[in-house]
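Please have a look at the structure on the screen, and then I'll walk you through it.

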Amino acid sequence: MKKFLITTAIDYPSGKPHMGHAYEKICTDVIARYKRLSGFDVHFSTGTDEHGMKIQRCAEREKKTPKEYVDGMVEYFKALCDALNISQDDFIRTTDDKHRKTAQGIFKGIFDKGEIYKGSYEGLYCVDCETYYTEKDLRDGKCPVHGTAPDNVSEESYFFQMGKYREKLLEHIRKHPDFIQPDSKRNEIVNRLMNPLKDLSVSRTSFSWGVPVPIDENHVQYVWMDALINYLSTVGWPSPKAKEFWPTAVHIIGKDIVWHHTVIWGSILMAAGIPLPKTVYVHGFVNIKGAKMSKSSGTVVDPVGLAEKYGADPLRYFLVSEIPFGDDGDFSVESLVTRNNDELLNNLGNLVNRVLTFIYNKNGGNVTEHKDFDSADKALIKSMESYPKKVAKYIDDFNLQAALDGIMKLSKEGNEYFQQKEPWKNDYSNCLYIGANLLRSLAIMLSPFIPESAEKIWKYLNLPGSVHKQKWESAAKLDVKGKHKINKPEPLFTRL
Ligand code: ME8
């Protein structure tokens, strides 16, 4: 079976999960679910990035050991996955034993190749980013991401000879246009790589909360030299299984950590003699009223609370349809409610309800047998047959918004067809037969986006098994036969 590895970033459990975390997990989940339906053996990982100075400080503030602190916090991130119906195959924590072994193995492998040397580090460090900056990177002397003054640090450190990979990275990017997407992000990295690349400090001595450096117990691995390796440990690197999955890897990450995932990660892998991931796909930020979410301005929205209040599917639907994948977008409860009412309820919910209720009430719950198709029947069948391929292409190109929009257009076509056929006045055989088949097709294509509602449609249709175990291409088929008995339908969505 063809393999497919897809990963989200691993989140800092230094606070509760926010909308950005939810957004990344939902979009990645859509792709993972779609790939499973398309016949791939999928490994989908998400998790938490639990080491480093930032976490150690959070634990100290709460008078806990770092491990007690992260053990408590990680539950919020697991609860987020549950609340949003994320279908991860692994929730990886950087405090897992299996991860520590892989992270140390990679460090040691690179050290043994002579790519790591001991030196001393002096410079500026933003603890919130866990990232070193030069004066030039700062904005008014402050971290460009957090707007806080970086720490001046000076300590003995191991260095990885990242500098020598500049040209190799540029060559890799040039030869593999799929490596960094979208194009704008690739161009940004290529531009930054026009400047000399410095070696990277990959160990710390000023705190102890980290993976011990395998060749020197006084040091812990730099948190990015630890966290990035989660993508290998999640598949059990260096096992044979991991080697099958690895070359297919797609990393879904936000726009603030592109450098880490392309330049730092790319050069570490090159030094270790491991192929680079196939794609790093960069999404934008979820903002609140055009501005960055922040605790101080009180604009941090709790995604678990939202999913509980409005339902996971309306939230998933809203985020994917509202924000072009790759760009920034805005979250607001008002827009979520509007999309739920206008699109899920009035378009999809209406179609499901009218087709199924008609079958249930007017035809004893049995799907009708079709007669000769007229031109309206033929037009809708043609759409049903062509949409799965079209939508698949959008998802393969990471255009999740266009994919979902396409499926909803097909639903709208279904409503127009029903309206035009007036089954309450005319012979309804073809209308109900095609209607039931259209719902089946929509359920399959919608299952990656709104998994709970898609499964409900499947159950109302009384089809065998689960919608999540179907084949994507079968959405193009008319598999519901005449006389098939459906279950009593219930409204799919509620007006918010
Ligand atoms: O960066 N909108 O963790 P993190 C959309 N531990 N995405 C957002 C966002 C927003 N407002 N804010 C953050 C880290 N993200 C590291 C990653 S991976 C080896 C280590 C995204 O908790 C962010 O871009 O700060 C990242 O992809 C993910 O959420 C985790 O962010």
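So, salt bridges: there are 37 of them in this predicted model, counting a side-chain nitrogen of Lys or Arg within 4 Å of a carboxyl oxygen of Asp or Glu. As a reminder, side chains of opposite charge can pair when their charged atoms come close. Take Arg93 and Glu50, whose closest N and O atoms are 2.7 Å apart. Arg93 sits in strand S3 (residues 90–93), while Glu50 is in the loop between strand S2 (41–48) and helix H2 (53–61), so this pair ties together parts that are 43 residues apart in sequence. When I say helix or strand, I mean DSSP runs numbered from the N terminus, with helices being H or I of at least four residues and strands being E of at least two.

A bit of housekeeping. Residues are numbered from 1 along each chain as its sequence is written, and side-chain values use heavy atoms, with hydrogens and water left out. Since the model is predicted, local features need pLDDT of at least 70 and side-chain atom pairs count only at pLDDT 80 or more, whereas totals for chains, interfaces and linings use all residues.

Now the overall layout. The protein splits into domain 1 (3–283) and domain 2 (335–476), with bounds that come from an automatic or database domain assignment. Their centres, taken over C-alpha atoms, are 41 Å apart.

Elsewhere on my list is the salt bridge where the side chains of Lys35 and Asp396 meet, at 3.9 Å from N to O.

On to the rings. The structure holds 18 aromatic pairs, meaning rings of Phe, Tyr and Trp (its six-membered ring) with centres within 6.5 Å; planes under 30 degrees apart are stacked, over 60 edge-to-face, and the rest tilted. Tyr281 and Phe398 are a stacked pair, 4.3 Å centre to centre with 15° between the planes. Tyr281 is in strand S13 and Phe398 is in the loop between helix H14 (375–396) and helix H15 (400–421), so they tie together parts 117 residues apart in sequence.

Last, some backbone details. A cis peptide bond joins Gln181 and Pro182, with omega about -5°, and Pro182 is in the loop between strand S7 (180–181) and helix H6 (183–192). Another cis peptide bond joins Trp237 and Pro238, with omega about 5°.
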